[in-house]
Amino acid sequence: MNIDRPETQFPEGTDMYEDKVYKRAHDLLWEKVSDGSFVRDERRCYYIYELTMEGRTQTGIVACASIDDYENRIIKKHENTRADKEADRIRHVDACNAQTGPIFLAYRSDWTINHVVERVKQEEPLYDFISEDGIRHRVFVMEHDTDIQAVRQAFAGMQAIYIADGHHRAASAVKVGQKRRAAHAGYTGEEEFHYFLSVLFPDDQLMIMDYNRVVKDLAGMTPARFLEKVATILDVEQIPREARRPRRKGECSLYLDGNWYRCTFRAQDIGDDPVKSLDVSLLQDLLLGPVLGILDPKTDKRIDFVGGIRGLDELEQRVRTDCAAAFALYPTAIDELFAVADAGLLMPPKSTWFEPKLRSGLFIHELDG
């Protein structure tokens with residue numbers, strides 16, 4: 001955390017974008033290298049990174065992805081990025097001369113990769129620990145040439161790989177690579193700045209949690225009047241608290257005035273568009289925009305977003321304290337994410353919440369070895 005967010009090392013009120021902040025990140029990183037806390041690999045290898053949360057395990061390949069594949073849309077995105085956040089990470093990577101946090105990538109599950117990964121996981125792990133949030137992390141080294149070649153060939157044959165989480169880090173890594181290309185006229189393409197640190201997971205092991213919405217007011221309506229308006233757009237029925245979680249795509253739950261309601265989108269409103277058919281889009285386009293006047297959820301202060309890891313109790317708490325209503329959504333499916341990215345489109349903000357999160361500090365990619 002000290003290296004990834006170096007502003008934490010300065011007094012409150014310090015401008016986090018000052019040069020000295022990024023220099024501090026550089027100094028902390030290379031102090032850790034000098035004292036042996038971080039060890040530079042002497043051989044080329046892949047790592048296997050396994051995370052277990054509440055009995056569910058996902059296992060990824062730690063590797064470096066090509067900025068050319070990003071630019072050529074083999075590595076596909078589904079979100080826009082903000083210039084200020086990009087600029088921060090560009091300066092951080094440039095100052096540290098390293099990527100200190102991996103990008104979370106997803107691919108369609110592949111038998112060959114699965115087979116190699118499961119075999120390597122029979123060996124002794126390099127790391128095995130449970131972090132303070134209860135997630136178990138295990139890391140294995142894939143060092144045999146036959147395994148490395150099999151995995152490399154499997155990835156080379158893929159039509160697409162997808163950014164699941166880390167759009168800003170990916171865009172920043174690519175721009176740092178482009179910048180260094182411009183400064184190295186005689187580059188070969190093998191230099192480390194052509195690549196960015198990633199962990200790649202098969203789609204059938206990933207869990208996307210719900211990303212829910214709370215609204216601060218009802219645009220001047222009473223709860224009863226708002227409910228009437230909702231019922232003209234969605235099919236609405238009151239439900240007991242124990243049934244508050246949406247059961248399937250096309251359903252959301254509304255918490256209003258101490259009661260839960262099941263709201264079902266109507267078939268004629270769904271359509272085939274990969275973005276407009278998302279539940280998060282339907283809620284925005286049919287209700288939040290036209291009824292509540294929340295036209296731009298990225299900038300409107302009347303809406304807030306609650307990640308599924310916080311649970312539905314958090315929605316009730318927000319309505320009791322600082323909000324007027326809450327919407328619990330059914331999680332976006334990984335196939336929906338792929339469809340949006342394949343179409344070259346973008347998801348609405350706050351559409352996916354992946355758990356567990358990747359741990360920074362286990363793997364670092366140096367740009368100029």
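Reply: Buried stands for under 20% relative accessible area, exposed for over 50% and partly exposed for the range in between, with a 1.4 Å probe and protein chains only. The model is predicted, so local features need pLDDT of at least 70 and side-chain atom pairs pLDDT 80 or more, while totals for chains, interfaces and linings use all residues. Residues are numbered from 1 along each chain as its sequence is written, and side-chain values use heavy atoms, without hydrogens and water.

The structure holds 42 salt bridges, each a side-chain nitrogen of Lys or Arg within 4 Å of a carboxyl oxygen of Asp or Glu. One of them joins arginine 43 to glutamate 143, with 3.2 Å between the closest N and O atoms. This pair links distant parts of the chain, 100 residues apart: arginine 43 lies in the loop between α1 (19-34) and β1 (46-53), glutamate 143 in the loop between β7 (136-142) and α5 (145-156). Helices (H or I, at least four residues) and strands (E, at least two) are DSSP runs, numbered from the N terminus. Arginine 43 is partly exposed at 47% relative accessible area, and glutamate 143 is partly exposed at 34%.

Arginine 241 and glutamate 316 meet at 2.9 Å, N to O. Here arginine 241 is partly exposed at 43%, whereas glutamate 316 is buried at 5%. In the salt bridge between arginine 318 and aspartate 322, also 2.9 Å, arginine 318 is buried at 13% and aspartate 322 is partly exposed at 38%. Elsewhere, salt bridges link Glu237, Arg247, Arg248, Glu251 and Arg262 in a network.
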